[in-house]
Amino acid sequence: MTNELGKFEEAVLSAIIHLGENAYGVTIRQKVSELTKKDAVIGAVYTTLSRLEQKKMVKSKMGEPTPERGGRRKKYYTITNSGREAVIAASQRAQRLWTGDGLPEAV
Amino acid sequence: MGDSKSKRKRRPWHTSAEDLQTSCYVPLHFIEKYEKRTSHVEPQILSAESVVGNVKYLAISWIPNYKDDVEPQLSLFDFNQAVSEPAKNSSRKGTLKKLEPESKPSALHFLPIDSSQKAPQICEMALLFFLTKENRDSLIGDIEEEFFGIAEKYGVRFAKAWYWKQTVCSCFNAIWNRLLVLAGATALWKLMGRLWPGS
């Protein structure tokens, strides 16, 4: 399976890295909105998280139910090694484009 | 103190509250953790609260120990984990703290909640219908958590509009994903039909 990431997947993985142990739906959505400067939709965040979980780039575990959430549990996400590698590879790819590495020299 | 008490508002997620007149024992670490985090002391039992989802909590009021103009705080403890009276030779006895009911319960604490502060029920139903089983509970919980935060900050009308936007976009996203899967399966079926000899 290819480790190529879409822009939104990159943003979600970066958000999880930034948030550390406190990465769950609300905080991830807010961080993604902050990083992309666009109001992210929670449904899109969860769809992406499910896809990343299928690719084994993130792991999830259920938290405790809290009253603010109407007794519903939080789903905490952590990044796996392959997820971290994919983010690093994506940032290196972007870096190469900016530095012009591998591009023909300007005339 | 009286004035600050009257300012206390009921949290919007509570659906009902019953006046609790008996003392209860709760774990000491729960009390110490709260006291350490805030400057509030003198925990007293306020009521037993049912929140959305029928989870019952013991509502504990905390009196600030420094300024009179600071509002008393409210914390919630799982009602099922509270003990009415520990056994005499119980090893847990030293780890529990006895809480007394509030000396003068105010009628203000038990005001029915304003229904306009509730999250839109129709949105929750739509989310339950369209979302996949694995994510629906945590997703609805997330929207609800943010809803009350937004309602406190920007008002209920804005929060409701935000809730609707999240619902519509999330449902559309879920439908779109299912259509993509269906289209993929149809294409694969057609391809197999062409490749399979004699079909």
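**The interface of chains A and B**

Across the interface of chain B and chain A, 11 residue pairs are in polar contact, both residues being at pLDDT 80 or more; such a contact is a pair of N or O atoms within 3.5 Å, where within protein one must be able to donate a hydrogen and the other to accept it, and residues adjacent in sequence count only if both atoms are side-chain atoms. The side of chain B that touches chain A draws two or more residues from each of β4 (55-64), α4 (133-154) and α5 (156-195) of chain B, these elements being DSSP runs numbered from the N terminus (helices H or I, at least four residues; strands E, at least two). Helix α4(B) gives the largest share, 13 residues.

The model is predicted, so local features need pLDDT of at least 70 and side-chain atom pairs pLDDT 80 or more, while totals for chains, interfaces and linings use all residues. Residues are numbered from 1 along each chain as written, chains are lettered from A and ligands numbered from 1 in written order, and side-chain values use heavy atoms, without hydrogens and water.

In all, 28 residues of chain B are in contact with 26 residues of chain A (heavy atoms within 4.5 Å). Four salt bridges are counted between the two chains, each a side-chain nitrogen of Lys or Arg within 4 Å of a carboxyl oxygen of Asp or Glu. Lys165(B) pairs in this way with Asp39(A), with the closest N and O atoms 2.7 Å apart.

On chain A, Lys37(A) follows helix α2(A) and has a positive phi, near 60°.
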